[in-house]
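Biologist: Could we go through this model together? I would like to begin with the overall make-up and then turn to the contact between the chains.

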Amino acid sequence: MRVMIIGCGRVGSVLANRLDEAGHEVVVLDRNQQAFRRLSEKFSGERIVGNGLIEDFLRPTLQEKTDILFAMTDKDNINLMIAQRVKLNFPLGEVIAVVHDSILAGLYKELGVETVCPTDLVIKDLLQMLQIIKESA
Amino acid sequence: MYIIVVGAGKVGYHLARLLMTQGHGHEVMVIEKDRAKVDLLSMEFHDAIMEGDGSTIEALKEAGANRADVVVATTGNDEDNLVICQIVKLMFLRPRTIARVNNPRNEELFTGLGVDASVSGTKLINAIIHEQVRAGDMMIPLLSLKAGDIEIVEVQLTRSSHIVRKKIKDLTLPTGSIFIAVIRGEEVIIPYGETEFQPEDKVLALVKRESEQALREML
């Protein structure tokens, strides 16, 4: 698979490393060069320094057939704008926006934008742990 | 009307002030992120300004977005302005949203994603005030500043206008006047020396009161 990841933060960098290790073709974009230090030494994918909100930085990558794009900067609104623009302008397999605000994530899902909400995932995990503790008590 | 303005920067501040003070009788709420700015402006706006990140559901809810007639997103970040308008439409089911577009290349995207009107600063002022002014006059005063000492005026050019087919650099503008925007169809052009006027252009100019007559004659 060919994957584009926008935002090389704590989560984005690990995702990039994992997908790269698994043999996928990975392109990572971040506006800050320093962010790429989070990538593993073995990372063999492409690194682009640029602003994900500006189409010029995405076009060279997305012109080629890309299976999935993850918009995962630390700003919900940036991720949502990137995802919507990419969906409109490029024929991609899948576009996923990381949205920390749970309600916002749900709202955009209704609008047809695929979202992943870290807040919801953490809460789900914590509640599950609580359930396990309760059951073993 | 109840109007929420997100962002108390230059555009948001002046827009809110205009809506509150020029006898439109609108109820206005400004949402601003920067506490210092809120403190400063609350002397003037009193209860009509609140601190908060207006690009979030919570802040918009607190501001009463569910009963707003119009929400105007004027922040300096296009991604925030876009999401504000979409939240307002989807979550609060309000019909009218206006977004300031900082990067003109985002304008098409905004329209494609359901923002009712996306405008640059100049276009915004024009659009809001346009409804209030009488048409017909060749030079329409849009906005009066400094107690009427300065005005923003709009001129609809025709084939017979003196400046049509001329470049700005070849014109001698009356002292105390300057062209600030040329509206050509859907496009807004910030004019410079090489800009050439065409029939059907709408020209926005900033002019001192004493220079108005001279500008009128020149056009």
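Modeller: In chain A, 37% of the 137 residues are buried, where buried stands for 20 or more other C-beta atoms within 10 Å of a residue's own, exposed for 12 or fewer and partly exposed for what lies in between, with C-beta atoms placed from the backbone. This is a predicted model, in which local features need pLDDT of at least 70 and side-chain atom pairs count only at pLDDT 80 or more, while totals for chains, interfaces and linings use all residues. Residues are numbered from 1 along each chain as its sequence is written, and chains are lettered from A and ligands numbered from 1 in the order in which they are written.

Biologist: How many helices and strands are there in chain A?

Modeller: Chain A has 5 helices and 6 strands, taken as DSSP runs numbered from the N terminus (helices are H or I, at least four residues; strands are E, at least two). Along the sequence they follow the pattern β-α-β-β-α-β-α-β-α-β-α.

Biologist: And chain B, what does its secondary structure come to?

Modeller: Chain B comes to 7 helices and 11 strands. Of its 219 residues, 39% are buried.

Biologist: Which residues of α3(A) meet α4(B)?

Modeller: A:Asn77, A:Ile78, A:Leu80 and A:Met81 in α3(A) meet B:Glu79, B:Asp80, B:Leu82 and B:Val83 in α4(B). These residues divide into 5 nonpolar, 1 polar and 2 charged; Ala, Val, Leu, Ile, Met, Phe, Trp, Tyr, Cys and Pro count as nonpolar, Asp, Glu, Lys and Arg as charged, and the others, Gly among them, as polar.

Biologist: At what angle do the axes of these two helices cross?

Modeller: The axes of α3 (residues 76–89) of chain A and α4 (residues 78–90) of chain B cross at roughly 80° and come within 8 Å. The two helices are therefore roughly perpendicular, a label for angles of 65 to 115 degrees. Axes here are lines fitted to C-alpha atoms over the stretch in contact, with angles running from 0 to 180 degrees between N-to-C directions.

Biologist: Is α4(B) mostly covered or mostly open?

Modeller: It is mostly covered, with 12 of its 13 residues buried. Among the buried residues are B:Leu82, B:Ile84, B:Cys85 and B:Lys89.

Biologist: Which residues have the most contacts inside the largest nonpolar core?

Modeller: They are A:Ile5, B:Ile4 and B:Val71, in a core of 77 residues. A nonpolar core is a set of buried Ala, Val, Leu, Ile, Met, Phe, Trp, Tyr and Cys residues joined through C-beta atoms within 7 Å. Leaving aside residues up to four places away in sequence, B:Ile4 touches B:Met29, B:Ile31, B:Ala63, B:Ala65, B:Ala68 and B:Val71.

Biologist: One last topic, the backbone. What is the phi of B:Arg165?

Modeller: Phi of B:Arg165 is near 70°, a positive value in a residue other than glycine. B:Arg165 is found in the loop between β8 (150–156) and β9 (177–184) of chain B.

Biologist: Why does B:Arg165 count as exposed?

Modeller: B:Arg165 counts as exposed because it has 11 C-beta neighbours inside 10 Å.

Conventions: Parallel < 35°, antiparallel > 145°, perpendicular 65-115°, else oblique. Contact = placed C-beta atoms within 7 Å.
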